[in-house]
Amino acid sequence: MAKIILTGDRPTGKLHVGHYVGSLKRRVELQESGGYDQIFIMIADAQALTDNADDPEKVRQNIIEVALDYLSVGLDPAKSTLFIQSQVPQLCELSFYYMNLVTVSRLQRNPTVKSEIQMRNFETSIPVGFFTYPISQAADITAFKATTVPVGEDQMPMLEQTREIVHKFNTVYGETLVMPDILLPDNKACLRLPGIDGKAKMSKSLGNCIFLSDTEKDVQKKIMSMFTDPNHLKVEDPGQVEGNPVFTYLDAFCRDEHFAKYLPDYDDLEALKAHYRRGGLGDVKVKKFLNKVIQEELAPIRERRKQFEQDIPAVYKILEEGSRKAEAVAAQTLADVKKAMKIDYFADQALIEEQAKRFREG
Ligand code: TRP
């Protein structure tokens, strides 16, 4: 069976380093691995509108930001199909049919939806579109016959729900849809990168992000202002590594060769952590090292971004061509689905003849 990847992001803001270590970097590695027959990367604007219906301009403006982020991290339109969700109308059609296979109470139990409803104060007025977005996400995944969905941990309930829909569909209508697997980051620190303020999640609304498009200076300023261990007041004090976002970032970003290059007094991260725990290692030194490590990772991304920014119409062209290609693939799946559901009347010559015979013979 073909190995196919589908994943995507809501265009509600620029992408940040949490997206990068949690998903984008992995996507590029998967793209370069050559182990996949097709890769689809979707800008989920229709999903973004489910909780931003009153702010279409925000979604519209962020399409290009996300596209630039994709291209600058190294997603290559020659190898991966980059497309916009709303431009593939088959996804809506699939969602409409999948809705019959999911109960309201099952949607209410989806932990991600639950916490998002709380976060947005939607308790008393949940838009139906928002409430049902896990179903539309199942359409996104199945439309491309995706076998592999590389996403962050927060998307686990979505994948669970998609798998249930696939199972139900195939049970009721016959083997049609492909069962997808989630692919989580293998580095634990990358599962959910904390904000620079130490809050559990890096998020635009919390204002604690390092964006991929930040300048070198911005990144440095943000890193030097990072929250650390609040009890590590003097250099001599023993410090705590667990829950200290500076070390979580190092867990996510640094490799042994960074020590040889920037901090040769230490062999590896374990040695640095041990010193911090013992006391005698100041936050500034650790932050300066982290800054070098992150800048090394972000510099080529920033360079590529600059080049793509020179030709914005070409970036839209990439998305347009990708969307067309995605539409053709989704149309095939929709045809399979309609056939399985017995709503392919005009393509079913046997049906037409059978009905003709029935009426002829009375
Ligand atoms: N829900 C994802 C997010 O919050 C975006 C998304 C939409 C997605 N459809 C998808 C991710 C399908 C993976 C597969 O960013």
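Start with the largest cavity, which holds about 40 Å³ of space. A cavity here is a set of points on a 1 Å grid over the protein atoms alone where a 1.4 Å probe fits but cannot get out, and lining residues have an atom within 4 Å of a point. Grid points are joined across faces, edges and corners, and a volume is the space filled by probe spheres set on the points. The structure has one cavity of 30 Å³ or more.

Quick housekeeping: this is a predicted model, where local features need pLDDT of at least 70 and side-chain atom pairs count only at pLDDT 80 or more, while totals for chains, interfaces and linings use all residues. Numbering runs from 1 along each chain as its sequence is written, and side-chain values use heavy atoms, with hydrogens and water left out.

Now select Gly-22, Ser-23, Arg-26, Pro-150, Val-151, Leu-183, Leu-184 and Pro-185: they line that cavity. H1 gives the most to this lining, with three residues.

Next, the largest pocket (a pocket is an open set of grid points with protein on both sides within 12 Å along at least five of seven lines). The volume of this pocket is about 1400 Å³. Show Arg-10, His-19, Glu-116, Asp-154 and Lys-201, which lie nearest its centre among the 50 lining residues. Helices (H or I, at least four residues) and strands (E, at least two) are DSSP runs, numbered from the N terminus.

What sits in the largest pocket? The ligand does, by the rule that more than half of its atoms lie within 2 Å of the pocket's grid points.

Zoom in on the ligand and pick Met-42, Gln-47, Gln-137, Asp-140 and Gln-155, which come nearest of the 14 residues around it (near means a heavy atom within 4 Å). Strand E1 (4-9) and helix H8 (133-143) each supply at least two residues of this shell, and E1 gives the most, with four.

Now check the polar contacts (pairs of N or O atoms within 3.5 Å). A side-chain N or O atom of Asp-140 is 2.8 Å from a ligand nitrogen. For Gln-155, a side-chain N or O atom is 3.1 Å from a ligand nitrogen. Taken alone the ligand exposes 370 Å², and the protein buries 91% of that (accessible areas by Shrake-Rupley, 1.4 Å probe).

Technical notes:
A polar contact is a pair of N or O atoms within 3.5 Å; within protein, one must be able to donate a hydrogen and the other to accept it, and residues adjacent in sequence count only if both atoms are side-chain atoms.
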